[in-house]
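Work through these exercises with the structure in view. Try each task before you read its solution.

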Amino acid sequence: GQVVAFANKEVLVCAGAYVTELADRCGAKLLPIDSEHNAIYQVFDQTAPESVRRLVLTASGGPFREGPEDLSSVTQKMALNHPTWDMGPKITVDSATLMNKGLEVIEAFHLFPVPADRISVLVHPQSIIHSMVEYCDGSILAQLGSADMRIPISYALGWPGRVAGAGTPLDFKALSALTFEDPNEDRFRCLALARQALNAGGDASIYLNAANEVAVDAFLGKHIGFTDIPAIVAACMDSADTKVPQSLDSILHIDANARHQARAMVRGRQ
């Protein structure tokens, strides 16, 4: 029966059905701290979910939105130079590959009653609009704010109220423009792989997440290249099963197997 403010998207990526069913059974409420899902939560009409046409997750586009053309030349230092957010190394690399946005698509699927094919991603380099909900009448509700994680954190901690003065106010006069573009899923394969895992169901998302964590760690350790990350993830996903794991032990066992496979692939590329 607790209200849980959570920031670890991997929980829902790997065990979304298990966790949400458990939360429903226990009467617990999951409040996302991820800025995109927190934004959706703030503008999602929980009383009429059937009126929602589409969820739009925004993405900064990461440091390689405009170049270099050859991503195989990307170094660790380049990947860790995020244009908007100051984050830890793993999530910063995930932002550079767009895997972070792919994981967020899967997370949104488990958090909100919207089919997978109605969860889209839009690159918004200014990171002012944190996500949007489009309704059946054509209205689009968006949550705007500074790139300040104190805002979503305070919303979750203060819910159903709000915490005064928690974050930096947005200065509209300082904004030059808000721009948008579609993500290039051919260039950034990880986003497409995440969609593939979500559509495949079963334990594919567990393989996706585990292989990605191993590959990113290897990239940060300078054992593999930047473009090896999606290659290793894709190869590991070939072992995924369409059967949905029914217990936490099963989920952890699949996760361990996926990591073992991914580590073997890393060694094969050294």
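**Exercise 1: Salt bridges and burial**

Arg150 is partly exposed, with a relative accessible area of 48%. (Buried means under 20% relative accessible area, exposed over 50%, partly exposed in between, with a 1.4 Å probe and protein chains only.) This is a predicted model: local features need pLDDT of at least 70, side-chain atom pairs count only at pLDDT 80 or more, and totals for chains, interfaces and linings use all residues. Residues are numbered from 1 along each chain as its sequence is written, and side-chain values use heavy atoms, with hydrogens and water left out.

Solution. 
1. A salt bridge needs a side-chain nitrogen of Lys or Arg within 4 Å of a carboxyl oxygen of Asp or Glu.

**Exercise 2: Two more pairs**

Task: Locate the partners of Lys9 and Lys101 in the chain.

Solution. 
1. Lys9 pairs with Asp34, 3.4 Å from N to O.
2. This pair links distant parts of the chain, 25 residues apart: Lys9 is in helix α1, and Asp34 is in the loop between β2 (29-32) and α2. (Helices, H or I of at least four residues, and strands, E of at least two, are DSSP runs numbered from the N terminus.)
3. Asp34 is buried at 11%. Lys9 is buried at 4%.
4. Lys101 pairs with Glu104, with the closest N and O atoms 2.7 Å apart.
5. Both lie in helix α5, 3 residues apart, about one turn of the helix.
6. Glu104 is buried at 1%. Lys101 is buried at 6%.

**Exercise 3: The largest pocket**

Task: Describe the volume and lining of the largest pocket.

Solution. 
1. On a 1 Å grid over the protein atoms alone, a pocket is an open set of points where a 1.4 Å probe fits, with protein on both sides within 12 Å along at least five of seven lines; lining residues have an atom within 4 Å of a point.
2. Volume is the space filled by probe spheres set on the points, which are joined across faces, edges and corners. Here it is about 400 Å³.
3. The lining has 28 residues; among those nearest the centre is Glu104.
4. They divide into 9 nonpolar, 12 polar and 7 charged. (Ala, Val, Leu, Ile, Met, Phe, Trp, Tyr, Cys and Pro count as nonpolar, Asp, Glu, Lys and Arg as charged, and the others, Gly among them, as polar.)
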